[in-house]
Amino acid sequence: MLLRTNTPSNRPVDGHLAALAGERVFCSEFKYRRGTEIFGEGEETEYVYQIISGAVRTYKLLTDGRRQINSFHLPGDMFGLENGAIHRFTAEAVVETRVRITKRRSLLETMQSRESGASSFLGLVTRSLQHAENHMLLLGRKTALERVAAFLLEIDERLGHPKVMALAMSRRDIADYLGLTLETVSRACSTLRDRKMLMFVDATQRKIVLLDREGLAEYDA
């Protein structure tokens with residue numbers, strides 16, 4: 001269910017959206033409940049989104065019914081800015097998520113009017129390509145431990161190396177991102193715990209303390 005949390009405004013923005021369109025851009029804020037679809041694969045790319053809080057997964061459903069998650073988007077991230085007229089993936093809220101929404105056409109026009117707009121857009125595209133390349137390499141890894149270690153380090157870096165890393169995504173989400181089974185991800189996490197690489201803080205095992213980042217990086221090498 002889509003819930004507007006405020007009327008359209010020119011409130012200051014930050015992150016990638018500010019880099020593309022300046023500190024103030026016409027946008028609206030919406031709230032999506034956990035599991036709500038934000039847009040579907042094949043739908044028109046009318047809007048661009050930036051996460052204020054929460055998390056979003058983008059994915060494709062394969063012909064055999066399996067789900068392949070392409071990316072997780074975290075606070076400050078933009079998504080939905082395609083280079084074509086339709087979305088290539090489905091976007092869905094992982095947890096209750098608040099987003100800023102601006103019209104794609106309006107954003108592109110604003111970017112064109114700014115001297116730094118083109119370079120900022122190129123930087124965003126480059127980061128997206130780098131993520132796609134890294135994800136492709138991740139899926140080609142031989143062991144589950146390598147994939148899980150790389151995933152944990154990726155999220156740790158994106159969250160700014162917190163003392164306690166709170167994962168919004170479930171083990172099922174992580175499995176579908178890494179191309180593994182749920183059971184394999186659980187075994188890999190338990191192995192890393194037993195090897196003193198990480199520690200679970202709560203019963204849900206979504207709050208994690210990374211005890212040995214250097215050791216995890218060796219799996220990621």
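Visitor: Which residue does Glu41 form a salt bridge with, and how do I read that?
Guide: Start with the term: a salt bridge here is a side-chain nitrogen of Lys or Arg within 4 Å of a carboxyl oxygen of Asp or Glu. Glu41 makes one with Lys60, and their closest N and O atoms are 2.8 Å apart. Glu41 sits in the loop between β3 (37-39) and β4 (47-53) while Lys60 is in strand β5 (residues 56-61), so the pair ties together parts 19 residues apart in sequence. Helices (H or I, at least four residues) and strands (E, at least two) are DSSP runs, numbered from the N terminus.

Visitor: Before we go on, what sort of model is this?
Guide: It's a predicted model, where local features need pLDDT of at least 70 and side-chain atom pairs count only at pLDDT 80 or more, while totals for chains, interfaces and linings use all residues. Residues are numbered from 1 along each chain as its sequence is written, and side-chain values use heavy atoms, with hydrogens and water left out.

Visitor: Is Glu41 buried, exposed or partly exposed?
Guide: Buried means under 20% relative accessible area, exposed means over 50%, and partly exposed is in between (1.4 Å probe, protein chains only). Glu41 is partly exposed at 42%, and Lys60 is partly exposed too, at 28%.

Visitor: How many salt bridges does a search of the whole structure find?
Guide: It finds 12. Take Arg67 and Asp173, whose closest N and O atoms are 2.9 Å apart. This pair links distant parts of the chain: Arg67 is in strand β6 (residues 67-73) and Asp173 in helix α5 (residues 171-178), 106 residues apart.

Visitor: Why does Arg67 count as buried?
Guide: Because its relative accessibility is 19%. Asp176 counts as buried because its value is 13%, and Asp173 is buried as well. Zoom out and you get a network of salt bridges linking Arg57, Arg67, Glu92, Asp173 and Asp176.

Visitor: Now the sheet: in what order do β10, β11 and β12 come?
Guide: In general, strands of a sheet pair through backbone hydrogen bonds, either parallel or antiparallel. Two strands count as paired if DSSP finds at least two bridges between them. Here 3 strands form an open, antiparallel sheet in the order β10-β12-β11. The edge strands, β10 (165-166) and β11 (198-200), each pair on one side only.

Visitor: How many bridges join β10 to β12?
Guide: There are 2, with β12 covering residues 207-210. In one of them, Ala166 has Lys207 in β12 as its bridge partner.
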